[in-house]
Amino acid sequence: MSTAKVVQVQCVYGDSHIEHVRKVLMPALADATDSRIRFVCTNYAGKGRGRIESGQLGNLEIIDIESEASAATGFAENHNRLFDLTQPDDFFVLLNPDCIPHKGAIDLLIRRREMAPDAAIVEGRQWPSEHPKEYDALSLETPWASGAFSLIDSAFYRSIGGMDPRYFLYLEDVDISWQAWLNGYRVIYEPASVVTHFSGGRFYRDDLVSNEQFLSLRNFLVIAKKFFGEEGEAEALTYLRSFNDKELAELAEKDYVQRFKENVDQRYVGRQHPNVKILGLNCFHRMQ
Amino acid sequence: MKIHVVARSQAHGEKFIASHAHLREVLEPEVGQTSYFHLLNRLIWSSDEDYACVIHDDVVLSGNFHHLICKLVSDFSKSGTRWGLVGNAGVSTFRVGYGGDTVVRYLSDPHGGANLQGCILPVQTVDGNVMLLNLKALRENQVRLPKFEGFHFYDIALSVESQCAKLGVFVAPHLACYHGSGGDGSSFNAAMSSRALIDYLSTKIRNRYFMSLNGRVTLPVTTEAAAPACDIEIASLENAVTAANTRTVAVVVRTKFTRLQLLKRTLSTVEAFISAAGPATNFECHIVSTENAPDDFILPEGMKLKVTKFQSASDDRYLLVEAAVATIDADFYWFVDDDDWLFPNEAARLSAIINVAPQNSVFFLDCQHYNERGLEDNVAGFYSLPARYFFAKDFIHSFSGFNFTPFCGAIFSKQALRNIHSSVYHSITYYEDFMTLLSTLLSGAFVPIVVEKLYVGISLRSTGNTVTENDRGKWNKSMSELISFITNTERPTSMLSFSSIIASQGKTAGVSFNVDEVNALKQRLELVLASRSWRITKPLRLVARLFRRDTKFVDVAQQLRHRK
């Protein structure tokens with residue numbers, strides 16, 4: 001099926017993921033492709049934290065790269081570092097540490113990319129909770145691809161300097177998808193390629209503020225300004241201020257104003273594409 | 001150990017001593033206090049004692065009170081429990097008992113009486129009417145209360161400080177008493193408006209709110225990055241976990257090896273669950289079957305397979321349960337079907353709860369139906385849509401005569417399963433979940449513990465599920481056996497008489513009634529497939545599949561040839 005000799009899979013994990021990565025994710029990865037796998041990973045929590053042992057596991061070459069940071073670093077920063085240190089040739093796969101790839105899942109991403117060479121990103125489907133975002137039933141194009149399980153073209157990734165680390169967590173995947181569309185690439189969804197992902201949505205507690213809740217709101221303002229300028233920022237603020245959790249919304253706005261408002265890169269402002277859109281608060285797609 | 005009586009006046013103190021003459025030698029009146037916070041700090045930092053009991057002057061203690069609290073301290077020492085504070089009423093992280101309440105009360109006061117018996121349980125906060133303090137541990141862990149005035153929130157503050165110092169906070173029946181005051185809601189609300197209190201609590205715990213016995217305590221929002229480390233809900237569990245209480249739960253997957261891809265899906269999620277559970281409880285996966293595994297089936301590492309052959313059993317699903325209990329050495333058993341799956345997201349929470357719960361517990365978990373479509377030889381291609389949600393706390397509604405708890409939604413102890421006579425395992429085929437549940441609950445010997453998190457996804461497909469069978473004959477036969485067994489039991493109780501109370505609460509649709517839901521879905525699907533618009537658009541769907549290269553011209557041509 002696949003003609004790739006070595007497939008690079010990148011995974012950024014935390015201390016709580018180590019057992020799962022060792023005992024569940026890596027063994028499942030071996031069945032996800034007929035190719036050999038270079039599993040490149042790092043602990044985002046920082047230097048001196050728990051690690052995955054580097055070595056060989058069947059057709060898996062495991063390369064754990066220790067973080068040099070003294071504190072936790074973000075999703076984009078870590079993946080960019082893994083990419084820069086290993087320079088995968090043709091493409092690489094992002095895989096979240098709480099996932100379990102199904103049999104053949106990576107080969108299906110590779111096959112889809114071979115049929116769509118202008119695709120910068122090919123996203124796999126998540127089970128049991130498929131993301132309800134739109135994708136075109138004929139072209140399989142989708143506005144954005146989730147970073148939980150996606151194949152990314154290395155040349156494209158290199159050309160844009162990797163993902164934007166300012167987000168820390170959440171919306172880097174929307175950002176890089178939009179950059180793909182605006183640079184003439186496509187973003188494709190491959191529903192046959194499946195990964196088990198027990199995402200947190202239904203488990204969020206209303207007595208705690210999760211990173212996803214806060215950072216998604218704050219980063220919404222960042223991405224709106226980055227791609228739609230002052231007008232986008234104003235519209236995003238309107239959406240945010242109508243959010244029913246006023247306290248959290250205010251916190252997100254305050255953090256944005258203090259840390260990001262004046263230094264968001266706006267090189268994409270003025271460039272348009274039908275798939276680069278904001279339809280509501282943190283809504284970048286039609287629901288399917 | 002001294003019992004410090006916080007007396008409103010000299011007269012109140014003398015009156016208390018006079019009414020508790022049997023405790024005269026250990027009573028220490030604390031008269032003229034302006035602040036409970038100052039008093040507690042003084043006891044922690046200036047007292048010579050390792051332990052102390054602090055009480056209101058309007059409680060009435062039983063004759064054996066001092067003996068009981070000394071015994072409690074001794075028992076804690078023997079068990080190696082790390083503790084800072086014990087009370088007689090508190091708010092738990094999980095629901096307890098047939099009433100399924102998060103509030104545990106071991107006292108009588110104007111609000112009511114006790115709602116549980118005999119269990120020492122971890123709580124988030126306690127009520128301050130009677131408190132037992134581990135002064136030594138509080139000192140060693142640098143616990144200091146803020147220098148606040150007055151007589152409100154000291155119990156919450158001490159509970160929070162103890163939790164943050166990783167010292168367990170418990171409720172225990174040993175501190176049972178009569179308390180003559182019901183508290184003052186307006187005073188609580190006034191204290192809640194204290195900026196100093198809110199600022200203090202915000203530096204201690206990350207929660208936006210938590211429940212106390214007096215009401216909800218709401219705190220300002222802080223982000224995960226900026227928040228204190230202590231989550232009072234989880235801390236109350238983790239602080240109470242002891243290595244000595246590590247129990248073993250056998251996750252038992254019954255299978256015939258007829259749907260291998262689904263089985264592998266089940267096992268991968270069980271592995272994920274076990275990886276996430278941590279060390280508080282030892283989860284082991286066991287596969288039980290009446291058939292030998294096929295040659296190409298690779299038993300995952302760490303899992304065990306037990307094959308038991310039964311003589312002439314037409315349906316052996318319940319016999320496999322009996323066999324599992326007889327052959328697998330575990331404290332608890334969790335039966336998961338070979339087409340269902342576990343959610344690992346809250347595995348660590350369940351692991352801690354099993355560790356801290358009484359040995360004679362039965363655990364109820366949330367689970368959910370998923371309507372799945374796809375081919376069983378391509379499980380990776382399944383689409384799974386969430387359907388009916390089974391709430392763990394609804395277990396009590398099973399007294400209505402309809403089962404509200406799927407088999408995978410409960411974890412039973414070895415004793416609960418052994419209590420079921422062998423003849424029952426032989427006679428009941430369907431409704432094994434209901435039988436096990438009723439047998440456990442009706443005995444009154446097991447403490448229901450309700451964990452309100454989603455742990456199991458239950459697969460529903462067009463075929464392969466007994467719950468969707470149209471012929472209800474086997475179901476009805478099993479129900480007749482079940483009713484006969486539970487009503488002719490050798491150890492009858494009156495607990496079934498709760499059924500009229502439960503039925504009056506209106507829930508009537510138990511687990512087995514979901515067949516109507518599935519049949520309705522099937523009918524709608526059949527209508528769609530038979531519709532003219534579906535037939536007309538078929539060529540367009542074919543073009544789409546060709547465009548996506550999901551099929552080839554040669555296959556299409558072959559299909560057309562066969563149709564002719």
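**Burial, cysteines and overall form**

Analyst: Let us begin with one residue: Cys408(B) counts as buried because its relative accessibility is 4%, where buried means under 20% relative accessible area, exposed over 50% and partly exposed in between, with a 1.4 Å probe and protein chains only. This is a predicted model, in which local features need pLDDT of at least 70 and side-chain atom pairs count only at pLDDT 80 or more, whereas totals for chains, interfaces and linings use all residues. Residues are numbered from 1 along each chain as its sequence is written, chains are lettered from A in the order in which they are written, and side-chain values use heavy atoms, without hydrogens and water.

User: How many disulfides does the structure hold over all chains?

Analyst: A disulfide is a pair of cysteine sulfur atoms within 2.5 Å. The count over all chains is zero.

User: What percentage of the residues in chain A is buried?

Analyst: Of its 288 residues, 58% are buried.

User: Which radius of gyration does chain A have, and what would a compact globule have?

Analyst: The radius is taken over C-alpha atoms, and the globule rule is 2.2 Å times the number of residues to the power 0.38. For 288 residues a compact globule would have a value near 19 Å, and the 18 Å of chain A agrees. Along its principal axes, the C-alpha trace of chain A spans about 55 × 45 × 35 Å.
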